Amino acid sequence: MKVTDRIKQEHDEVTKLFEQFEKRPTMKLVKQIKEVLDPHHYAEEETVFADVAKKSEQKAELVRNLKAEHEAIDLLFEDIFLMKVSDEMFEPKVYVLHEVIDHHLKEEEEVFFKHAEEVYSDAKLSSVTKDFDQAKSAYTPSKDEAN
Ligand SMILES: [Fe+2]
Ligand SMILES: [Fe+2]
């Protein structure tokens, strides 16, 4: 499987979890979304982002923007985990999180994937999937996130 297909597959998983959240908002679902995204973001940064950023300043700039979005998403999760589901700002905050994540996933699928396809040969596009999956398994949440 191409690494872009693996990434898309995980994006779709996140989208499905948000659909479930819309039907039944729970903190558990927000946690599940974070559990998919944390290793996913880590693996992107360790493998495809690093490879693509090396190729040109334009590509490096795109990768910096995507990393800044990963950080913004992390901060929103931190905010939400300080709240209770009964808090009147809980659902509005998750709505914003959803908007930011949607934007991020689209930017990767519509812009970053094109750059990755320029940088990698077809064979490499498939072989890098193994590195991506390995990076995901190597991901360990930092202490302050492990709650
Ligand atoms: Fe990402
Ligand atoms: Fe992604």
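Reader: How do the axes of α2 and α3 sit, in distance and in angle?
Author: In this predicted model, the axes of helix α2 (residues 27-53) and helix α3 (residues 57-81) come within 11 Å and cross at roughly 160 degrees, where axes are lines fitted to C-alpha atoms, for helices over the stretch in contact, and angles run from 0 to 180 degrees between N-to-C directions. That makes α2 roughly antiparallel to α3, a label for angles over 145 degrees, whereas under 35 counts as roughly parallel, 65 to 115 as roughly perpendicular and the rest as oblique.

Reader: And which residues of α2 meet α3?
Author: On the α2 side they include Val-30, Leu-37, His-41 and Phe-49, and on the α3 side they include Val-63, Leu-66, His-70 and Phe-77, with contact taken as C-beta atoms, placed from the backbone, lying within 7 Å. The residues of this contact of α2 with α3 divide into 11 nonpolar, two polar and four charged; Ala, Val, Leu, Ile, Met, Phe, Trp, Tyr, Cys and Pro count as nonpolar, Asp, Glu, Lys and Arg as charged, and the others, Gly among them, as polar.

Reader: What about α3 and α4, how do their axes cross?
Author: The axes of α3 and helix α4 (residues 90-119) come within 10 Å and cross at roughly 160 degrees, which makes α3 roughly antiparallel to α4. The contact is made by residues including Leu-62, Leu-66, Ile-73 and Leu-76 of α3, and Val-96, Leu-97, Val-100 and Phe-112 of α4. By class, this contact of α3 with α4 has 13 nonpolar, two polar and six charged residues.

Reader: Switching topic, how many helices and strands are in the chain?
Author: The chain has five helices and zero strands, where helices (H or I, at least four residues) and strands (E, at least two) are DSSP runs, numbered from the N terminus.

Reader: Why call the chain as compact as a globular protein of that length?
Author: Its radius of gyration is 16 Å, close to the 15 Å that the globule rule gives for 147 residues, so the chain is as compact as a globular protein of that length; the radius is taken over C-alpha atoms, and the rule is 2.2 Å times the number of residues to the power 0.38. Along its principal axes, the C-alpha trace spans about 50 × 30 × 25 Å.

Reader: Which numbering and confidence limits apply?
Author: Residues are numbered from 1 along each chain as its sequence is written, and chains are lettered from A and ligands numbered from 1 in the order in which they are written. Local features need pLDDT of at least 70, side-chain atom pairs count only at pLDDT 80 or more, and totals for chains, interfaces and linings use all residues.

Conventions
Two residues are in contact if their C-beta atoms, placed from the backbone, lie within 7 Å.
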